[in-house]
Every structure is written in structure tokens, then in C-alpha cells.
Amino acid sequence: MTQTSTTHPQLFDRTALDLHRARAKRDALFLHDMARDEVEDRLTLVNRTFTRPAIVSGFGEIWENFSPNATIVPDSEVLDLEPGAHDLVIHAMGLHWANDPVGQLIQCRRALSEDGLLLVIMLGGRTLHELRSALAEAETRVMGGLSPRIVPMGEVRDLGGLLQRAGFSLPVADVVPLTVEYRDIVHLIHDLRHMGETNALEQRLKRPCPRQFFVEAEAQYRSHFATENNRLPATFELVCLTGWSPSDTQQQPLRPGSAKMRLAEALKVPETKLPD
């Protein structure tokens, strides 16, 4: 019997992504600088000293001088991390480009020693929702259809579930919102290009668009989202995920029904019985 192998379709064109990142400009990587600041702030809240950190990033230069012992690796599909070698793994601004995000998280967990910390910063679901809406409306009006133009990004609740699927303990997910205003849609797209964050979807439209498409997109953007001073707001949503590699020494949630005291008694308030 002849065996045949099947390959799963890839959502992202990693070759295109690498080319986009190679053209990025350092002074436009403000989201990556913000991600590093966020990571450093959060680590100050953890009562632990990390001596063997690893950083997964498409822009390793952002993380220079983070720690003298840090290992910095690119966010390729297969991460160059040694199993069990790190007490901290930071996955910075790349998980939204992963064809297999759960696989990325599993690789991070395997790279952690027992009770090690994973900290992920990535773009979340409401990122560029204004641009997504304007482009979709313009393409429908001008070109009679839709093509994938902006990366589909996960909502914070779903992204938190990925940590559990990857085997992490004590998972937490939260959001840091940011709004940036632009003079027009051209300047926004130029900024995205200089960030290395332009369209790298495998099924993207690969032919030039007519000028009328961008004229219509600008009109739709202004019609629905322009501020009082006629500028265009662009939402960026940074999602922060944290999880710990499993350890017997970690605190565990109580089993349902195992509480020794009723909640009303603990709060010293009257207990109210709900109607049947």
C-alpha cells in the first residue's frame, strides 16, 4: 500500500513576512518598544529572579541588553530553543503571524524548566478594525468582491484558551489598548510597511489595486471613524498572555464544593435566596 502525506494549508506566507521585516525601519517599531516596556513592567510584579531567559522575536535588536544571559531567537515555525533550558520565555510580537500558534506555545513550554514563566505579547482582535472595515467596503464597491487584506487576529478570551491547550498552568490573558491618529490612510499604510506588518497572508491579492480603491477606502475611513479634528484613528490591541510550566509546588485551584465556609458568611452579609 502506498502512503500519501497531506499538507495543511498555510495561512501566512513566511517568505513575504521575512521580506517585509527586512524593509522595516527601526524608528517605526514603536509597538515593539511598547511591548518591551510592558514586559519589563510586568516582570517587576513577579516575585522571582529569572537568570536564564529566552526571547522569541522577529526583531531581535529591540531586545538587546535586556539581560546578559538572554537567548534571542527568531519567531520561525520551529523555535531554536533547547528543551528545559530556560526559566523565562518571552514571545514578543510574533504569535499573530504563526501558522501554528498552539505549536509555538508548546515549543515554548518545552523550553521552560519546571515552574518557568511564559510571557507573550501579540496583536489582538480589534487591531486595525477601522482599516479592515474601510478596505472591505472599498473593495466591495470598487472591485466587486473581497480578498484577505488584514491578518485575522484572535480575541483575548480565545487566546487565553490557547495557553491551556498548550499545557500551561495558571493562564492569564489581558489587553493593553492603544490608539494612534494619522493624517490620512496613506500615512497609516506607510507606517505599517515600516513596521514590517503589511499583508503577508498566503491568499492575499497579488496584483496592484486601482487608484480608485484607495480613494474609496479613504472616504469610507473618514465617513465612519474620523475624529473631530478630521484625523484617522487606528486601534492597536496588545494582548498579554502569561502562563507557567506545570510544577507540583504551584498553587492549585480548589475542587468545586470543597469550600469550608459559605460566601455570605465570609463576607459577613445576609444571604439572599434566589426565586425558584
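Leu131 touches Ile150, Ile185, Leu188, Leu192 and Tyr221, leaving out residues up to four places away in sequence; contact here means heavy atoms within 4.5 Å. The model is predicted, so local features need pLDDT of at least 70 and side-chain atom pairs count only at pLDDT 80 or more, while totals for chains, interfaces and linings use all residues. Residues are numbered from 1 along each chain as its sequence is written, and side-chain values use heavy atoms, with hydrogens and water left out.

Leu131 and Phe236 have the most contacts inside the largest nonpolar core, which has 51 residues. A nonpolar core is a set of buried Ala, Val, Leu, Ile, Met, Phe, Trp, Tyr and Cys residues joined through side-chain atoms within 4.5 Å. Buried means under 20% relative accessible area, exposed over 50%, and partly exposed in between, with a 1.4 Å probe and protein chains only. Strand β6 gives the most to this core, with six residues. Apart from this core lies another, of 23 residues, among them Ala54, Leu81, Met122 and Leu162. In soluble globular proteins, nonpolar side chains tend to be buried together.

The protein chain as a whole has eight helices and six strands, where helices (H or I, at least four residues) and strands (E, at least two) are DSSP runs numbered from the N terminus. In order from the N terminus, the elements run α-α-β-β-β-α-β-α-α-β-α-α-β-α. Of the 276 residues in the protein chain, 45% are buried. Among contacts between residues at least 6 apart in sequence, 80% join residues at least 24 apart.

Thr242 lies in strand β6 and is buried, with a relative accessible area of 19%. Leaving aside neighbours within four places in sequence, Thr242 is in contact with Leu117, Leu118, Leu119, Leu163, Leu170, Pro171 and Val172. Ala98 lies in the loop between β3 (86-92) and α3 (101-111) and counts as buried at 8% relative accessibility. Beyond residues up to four places away in sequence, Ala98 touches Phe12 and Gln104. The C-alpha atoms of Ala98 and Arg14 are separated by 8.9 Å, although these residues are 84 residues apart along the chain.

Helix α7 has 15 residues, which at 1.5 Å a residue should span 21 Å; its end C-alpha atoms are 21 Å apart, which agrees. The expected span is 1.5 Å times one less than the number of residues in the helix. The buried residues of α7 are Phe213, Glu216, Ala217, Glu218, Gln220 and Tyr221, and what covers them includes α4, α6 and β6 (232-244).

The largest pocket has a volume of about 720 Å³. Of the 30 residues that line this pocket, the closest to its centre are Arg149, Ile189, Arg193, Thr198 and Asn199. On a 1 Å grid over the protein atoms alone, a pocket is an open set of points where a 1.4 Å probe fits, with protein on both sides within 12 Å along at least five of seven lines, and lining residues have an atom within 4 Å of a point. Grid points are joined across faces, edges and corners, and a volume is the space filled by probe spheres set on the points. The elements that give two or more residues to the lining of the largest pocket are α4 (129-143), α6 (185-195) and α7 (211-225); the largest share, six residues, comes from α6.
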